[in-house]
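Please look at the sequence and the 3D structure shown here, and keep both in view while reading the report.

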Amino acid sequence: MSTFDLFVVGCGGGPFEDNLSSYLLKPKQSSWNDGIVALEAGSGLGALNRLLTEHIDVFSSASEDDPASATSAAGIHSWIKCYLVTHAHLDHINGLVLSAGSSKGPPKLIHGTQKTLEIISDVFSGKLWPSLASWTKDPDKPYLLSPLSPEDGYTSVSSDISVRTMEVSHGLSDASSDTPYPSSAYFIRHDPTSHELLFFGDVEPDKISSRPQNLEIWRIAAPKIPHALSALFIECSWPDGRAEDLLYGHLSPTHLVEELTVLAREVARSRGNSDEDEDADEEHARRRKRRRESDSQIDVHGALVGLSVYIIHCKDDLQGAFDKPIQEVIAEQVRDLVIERDLGAEIIAVEQGMLICESLSPSYGIVNC
């Protein structure tokens with residue numbers, strides 16, 4: 001059963017500005033010009049304009065209805081109905097800012113946590129960039145800031161698409177503070193089928209975080225894998241070998257696989273405890289105690305079979321240390337560790353210009369166009 005189409009405008013973690021986090025999403029059954037949800041907005045019109053010359057058929061489904069727009073970056077950009085922004089670092093909002101003055105049509109919603117949108121609002125204060133975003137509807141401003149909260153549950157953001165927002169930690173941005181920079185992850189649901197994908201913004205490992213928040217997300221995701229959630233998009237910015245104090249709020253292959261192992265334990269535990277009363281406080285306390293005592297004894301072999309893990313946000317190899325693209329190097333390191341632990345997940349290196357067609361198959365697989 002078909003769910004989503006996702007086009008990769010950019011997937012890198014910088015510093016090259018022509019390939020930054022930016023993805024275009026739509027329901028599989030819809031045409032692109034029915035409305036696009038933009039996941040992040042690092043790279044924008046320039047990258048999209050270049051990619052259209054290399055991937056001219058990506059938006060062909062809309063060419064019969066709107067042939068001119070389907071072949072121009074500006075036309076496709078006009079189909080964006082809203083943005084989902086995980087955090088307000090420049091490599092995730094650069095395209096959104098630069099294209100604001102060229103935005104056509106009704107105001108586009110920018111969704112994110114309150115903290116993220118407050119920072120974006122500062123960008124559009126008239127000092128760094130013109131005042132082109134508003135907290136209230138203003139026909140003269142192209143962007144309408146629309147906060148999402150973890151307490152909201154699933155919120156509809158576009159036709160047939162709802163999201164659930166989760167907070168994650170992105171490392172310390174100020175040496176004088178012990179509060180991590182706020183980032184987000186989104187459960188993105190295809191409403192007609194209730195199938196989901198999980199998309200992370202920049203995130204640090206729970207193991208070294210001053211405010212670990214990933215475990216809660218893994219516990220929510222676990223009972224859905226793989227029948228209702230079979231795609232995970234998650235950053236892995238650095239190859240292995242980088243010191244922990246130089247990760248700057250990001251993951252390396254070793255840390256990512258440690259996180260995936262935690263997810264695998266939660267998946268195995270959810271399958272084993274599916275008949276328990278989840279609402280009984282006393283039993284819940286006992287389970288938490290057993291969890292601490294028995295994590296190392298849980299069999300995680302094959303627990304993530306049917307889950308495709310898409311590696312994103314790889315930092316550019318400025319020194320030319322590797323003889324292959326950095327995303328392939330990092331994905332290979334992750335893959336080797338996943339195989340070593342027999343977790344069962346499929347590891348995929350995301351590339352700029354890739355079209356990912358997520359379809360729920362009888363084997364819970366993901367189909368790449």
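## The chain as a whole

This is a predicted model, and its chain holds 9 helices and 16 strands. Of the 369 residues, 53% count as buried, while the accessible surface of the chain comes to about 16,100 Å², with 50% of that area belonging to carbon and sulfur atoms.

## Aromatic pairs

A pair of aromatic rings is described by the distance of the centres and the angle of the planes. A search of the whole structure finds 8 aromatic pairs, and one of them is formed by Phe7 and Phe59, whose rings are 5.4 Å apart from centre to centre, with 75° between the planes. Because an angle over 60 degrees counts as edge-to-face, this pair of Phe7 and Phe59 is given that name. Phe7 lies in strand β1 (residues 2-13), whereas Phe59 is in the loop between α1 (45-54) and α2 (67-70), so the pair ties together parts that are 52 residues apart in sequence. Both Phe7 and Phe59 are buried.

The rings of Phe200 and Trp218 have their centres 5.3 Å apart and their planes at 40°, so this pair is tilted. Phe200 belongs to strand β11 (residues 195-200) and Trp218 to helix α6 (residues 214-221), and the pair therefore ties together parts that are 18 residues apart in sequence. Phe200 has a relative accessible area of 2% and is buried; Trp218, at 1% relative accessibility, counts as buried too.

## A cluster, and charges over rings

Which residue lies over the face of Tyr154? It is Arg189, at 4.2 Å from the ring centre. In another place, the charged end of Lys224 sits over the ring of Phe187, 4.8 Å from its centre.

## A nonpolar patch on the surface

On the surface, Leu98, Leu128 and Trp129 form a nonpolar patch, and together these residues have about 310 Å² of accessible area. Trp129 is found in the loop between α5 (114-123) and β6 (133-134). With a relative accessible area of 30%, Trp129 is partly exposed, because this term covers values between the limit for buried, under 20%, and the limit for exposed, over 50%.

Methods. Residues are numbered from 1 along each chain as its sequence is written. This is a predicted model: local features need pLDDT of at least 70, side-chain atom pairs count only at pLDDT 80 or more; totals for chains, interfaces and linings use all residues. Side-chain values use heavy atoms; hydrogens and water are left out. Patches are made of residues with over 30% relative accessible area and no salt bridge: like charges are joined within 9 Å, nonpolar side chains (Val, Leu, Ile, Met, Phe, Trp, Tyr) within 5 Å. Accessible areas come from the Shrake-Rupley method with a 1.4 Å probe; for residues, only the protein chains shown count as cover. A salt bridge is a side-chain nitrogen of Lys or Arg within 4 Å of a carboxyl oxygen of Asp or Glu. Helices (H or I, at least four residues) and strands (E, at least two) are DSSP runs, numbered from the N terminus. Buried means under 20% relative accessible area, exposed over 50%, partly exposed in between (1.4 Å probe, protein chains only). Rings of Phe, Tyr and Trp (its six-membered ring) pair if their centres lie within 6.5 Å; planes under 30 degrees apart count as stacked, over 60 as edge-to-face and the rest as tilted. A charge sits over a ring if NZ of Lys or CZ of Arg is within 6 Å of the ring centre and within 35 degrees of the ring normal.
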